[in-house]
Amino acid sequence: MWGIGGVWIGLGKGKGGAGCTTSALELAYAATQRGRRVALLELDPQGNATDVVEPTTRAVGIKDALASLAPTGGQPRPAPLPLAEVLVPTAWERLLVAPADRYLGNRAVDITPEGISALRNARLSGELEGIVDDVIIDLPRDIGKLSATGLLGMEYLFVAARATVWGAQGAEEMRYTASRVTQKGNPELSVAGVIVTEYDASKDSVRVLGEMRTLFKEALIEPPIPRRSRVREAIESYHTPCREYGGADLEEVADRYQKIYDDLLKKVEGK
Ligand SMILES: Nc1ncnc2c1ncn2[C@@H]1O[C@H](COP(=O)(O)OP(=O)(O)OP(=O)(O)O)[C@@H](O)[C@H]1O
Ligand SMILES: [Mg+2]
């Protein structure tokens, strides 16, 4: 049985443009297809995930739940809000989002140790119990205070990576970072798997995928998510999950993400 307040899943990467946000959104959608209520917490000031799910308001955001110091000479900051108070409805059924925007980047500079522990404390105290069944955290690319906030909060980390040499190196870096966080502050954290995204089956990708199998062993999720140009069209341009945008190419992608989610849920429920 999972901890109180749901299953806390994170998506990270070591290299930018790894398909991390796309994976976070597709896994969130997959969870809602099992009738689960999901909170998407975006920790990336780019705000890509937030834009896609179209929150009903941006008056509050994840930054408001993260305690921070006032800038030198600035106004004192208001007390942080409980996480539940920064979750807002979206255009996606059963999905709430804690929105992110560029101002989250400023918060990252001033965030206090208490702020960095906010998600962890919310999970351990069951703050979202009865509100959502799953929490999905989208991490930014750089390993800074916002990533630390997310890594301390989550229980299951998926690492997104393309089957490229630099992609594999980035994934290995993220796995190392996660192992440090497991030792230093979040013993509940484990790597649930490495998701290979945008796989094009070119000669070089086939070779690198082979190396990734050796490196990550059973943590490498098979089969990889294929590169399908309409994924970008569906998610990025039309804010629509692959399943709902439709077409055999996107059904295949949706099926892969659904299986990744279902396998995780099975593992969690079997505990
Ligand atoms: N399976 C896929 N096939 C084709 N394009 C994809 C696929 N998955 C993701 N993309 C596209 O690849 C690009 C990078 O994806 P995404 O933004 O999800 O990565 P990210 O790791 O979150 O990036 P960032 O480092 O900016 O946070 C986007 O344009 C996205 O639409
Ligand atoms: Mg992203």
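Which of the 18 residues around ligand 1 come nearest? In this predicted model, the residues that come nearest to ligand 1 are K13, A18, T21, T22 and E236. Sorted by class, the shell around the ligand consists of seven charged, six polar and five nonpolar residues. Two helices, α1 (20-32) and α9 (229-237), each contribute at least two residues to this shell.

A polar backbone atom of A18 is 2.7 Å from an oxygen atom of ligand 1. For T21, a backbone N or O atom is found 2.8 Å from an oxygen atom of the ligand. Q46 takes part through its side chain, a polar atom of which lies 2.9 Å from an oxygen atom of ligand 1. Taken alone, the ligand exposes 630 Å², and 85% of that area is buried by the protein.

The site was next examined as a pocket. Ligand 1 takes up the space of the largest pocket, whose volume is about 650 Å³. The lining of this pocket comprises 30 residues, and G19, T22, E198, R232 and E236 are those that lie nearest its centre. Eleven of the lining residues are nonpolar, ten are polar and nine are charged.

At least two residues of the lining of the largest pocket come from each of α1, α2 (48-53), α9 and α11 (248-269). The helix that gives the most to this lining is α9, with five residues. Both α1 and α9 also each supply at least two residues of the shell around ligand 1.

The second largest pocket holds about 240 Å³ of space. It is lined by 15 residues, and those closest to its centre are I221, E222, K259, I260 and D263. By class, this lining has eight nonpolar residues, six charged residues and one polar residue. A strand and a helix, β7 (190-197) and α11, each provide at least two of the lining residues. The largest contribution to the lining of the second largest pocket is that of α11, which gives six residues.

Notes:
Residues numbered from 1 in each chain as written. Chains lettered and ligands numbered in written order. Predicted model: local features only at pLDDT ≥ 70, side-chain atom pairs only at ≥ 80, totals over all residues. Heavy atoms only, no water. Near = heavy atom within 4 Å. Polar contact = N/O pair within 3.5 Å; in protein donor to acceptor, adjacent residues only side chain to side chain. Areas by Shrake-Rupley, 256 points an atom, 1.4 Å probe, with all protein chains shown as cover. 1 Å grid on protein atoms, 1.4 Å probe; cavity = no way out; pocket = protein on both sides within 12 Å on 5 of 7 lines; lining within 4 Å. Sits in = over half its atoms within 2 Å of the grid points. Helix = DSSP H or I, 4+ residues; strand = E, 2+ residues; numbered from the N terminus. Nonpolar A, V, L, I, M, F, W, Y, C, P; charged D, E, K, R; others polar. Points joined across faces, edges and corners; volume = space filled by probe spheres on them.
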